Amino acid sequence: MDRIVIRGGRPLNGTIPISGAKNAALPLMTAALLSDGPLVLENAPDLADIATMRALLEQHGLSVEHDKATRRLTLSGAATSLEAPYDIVRKMRASVLVMGPLVARFGEARVSLPGGCAIGTRPVDLHIKGLEQMGAVFDLEGGYMHAKAPPGGLRGARIIFPQVSVGATENLLMAATLADGVTELVNAAQEPEIGDLAMCLMRMGARIEGIGTAKLTVEGVKRLGGATHPVIPDRIEAGTFACAAAITGGSVKLEGARLVDLGAVARVLRDAGVDVAERHDGLQVTRLNGLHGTDVMTEPFPGFATDMQAQFMALMCVADGAAMITETIFENRFMHVPELMRMGARIKYHGQSAIVRGVPKLSGAPVMATDLRASVSLILAGLAAQGETIVNRVYHLDRGYEAVERKLAAVGAQIERVGG
Ligand code: UD1
């Protein structure tokens, strides 16, 4: 199994191109189920999760052509299967995003329950309840959710989310585009990936109002058509490389990144002593002097992203003073803490909060990645550490970061992937 080997201590300087957003591309790919297409997605990242989604969609009958960063998805004729099998869903939870489109378009879907994952139990009750409000009937059998639309198809409904959910907002937004009548999604997630999905659906012929707000209003249409849509840049990849520049004391241009997409992450980085400046073609991120301990709490967008929590914690490990980091979105998202401590970090955590007391230097060590964002936080720590860090279980990283070691090496990091 591949490992990443880093020799820390070099400031990063140069330009890193930011790829298309994984979390935008995944729902956009499932939107292809809503029409005969073709749906042409430009600027799609080349990642393991994208390949998994492709495999899932192909078994539903979609053809997916791949040319560099472009994916052309076409569903000619009927779906060949309305089932999302356990073997794929357990690998990637975003597979449940086929449910809304399949029920809306074909009246039925059988989707394996995703089950828990390393960062928590992660139920899908909000997806189910919303579709039920639109008239769908659910049976749970053999670990699968079997959803059926009423005879005339899904109906518009007013859905008030008791809690903000990115995936449930996306699933119901897609379902609502083909429902009969008007659907209101209240307390909808406002992450940039939702706006991107809504823009793509509009290009396909959907009628949506309130994009970028917490209330989306969708007037169902009879059918959607094909479209060409560029995937937005990956704000989490951008935030991660911003932390890489900051933790090494360097200055990096994040080509293509957009300040608006970072939400509170930009403000928090500035509070910590990192300059984040908008340029016409991206963001320039520069560590000014020392890093200051800065408290953060993860929240739905535009709050501080939970997907940036582990990376920011790595940064705080070498800051002056203490930082209190509180995770409010997932119940078990501190698995990187013991690994960071093996590198000399001083962290105490209890429940959902961790206190990080900065140390002057981390020291390299062999560490184990437990999930996608945890694994990249260990790479960040390795970039700042004295000596050699070996990050094992790199497959987590390949799910969400395109060519991470090549991008970092190109701006001066001593980093390589070794096989076996
Ligand atoms: C998406 C992102 C993930 C990110 C997360 C939060 C994708 C592919 N993944 O995941 O990277 O960390 O948003 O920003 O875009 N919940 C329920 N019931 C539900 C659905 C969610 O209780 O039916 C809870 C979850 O357990 C969690 C919270 O709501 O505590 C937020 O989860 P959600 O926004 O749905 O995350 P995902 O869409 O799975």
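Contact here means heavy atoms within 4.5 Å. By that criterion, helix α8 (residues 235-248) lies across β2, β15, β16 and β17. The model is predicted.

**Sheet and helix**
- The sheet is open and has four strands, in the order β2-β15-β17-β16. Its pairing is mixed.
- On average, neighbouring strands are turned by 20 degrees against each other, direction ignored.
- β15 (residues 251-255) pairs with β17 (residues 282-287) over five bridges, in the antiparallel sense.
- Within this pair, Glu255 stands opposite Gly282 in β17.
- Helix α8 runs at about 25 degrees to β17.

**Ligand shell**
- The ligand is surrounded by 18 residues. Asp125, Leu126, Ser165, Asp307 and Ile329 are the closest.
- By class, the shell has eight nonpolar, six polar and four charged residues.
- Helix α5 supplies the largest share, three residues.

**Polar contacts and burial**
- A backbone N or O atom of Ile329 lies 2.5 Å from a ligand oxygen atom.
- A polar backbone atom of Leu126 is 2.7 Å from an oxygen atom of the ligand.
- Gln163 uses its side chain: an N or O atom there is 3.0 Å from an oxygen atom of the ligand.
- Taken alone, the ligand exposes 740 Å², and the protein buries 85% of that.
- The elements giving two or more residues to the shell are α5 (125-133) and α6 (166-177).

Key. Residues are numbered from 1 along each chain as its sequence is written. This is a predicted model: local features need pLDDT of at least 70, side-chain atom pairs count only at pLDDT 80 or more; totals for chains, interfaces and linings use all residues. Side-chain values use heavy atoms; hydrogens and water are left out. Two strands pair if DSSP finds at least two bridges between them. Axes are lines fitted to C-alpha atoms, for helices over the stretch in contact, and angles run from 0 to 180 degrees between N-to-C directions. A residue is near a molecule or strand if one of its heavy atoms lies within 4 Å of it. A polar contact is a pair of N or O atoms within 3.5 Å; within protein, one must be able to donate a hydrogen and the other to accept it, and residues adjacent in sequence count only if both atoms are side-chain atoms. Accessible areas come from the Shrake-Rupley method with a 1.4 Å probe; for residues, only the protein chains shown count as cover. Ala, Val, Leu, Ile, Met, Phe, Trp, Tyr, Cys and Pro count as nonpolar, Asp, Glu, Lys and Arg as charged, and the others, Gly among them, as polar.
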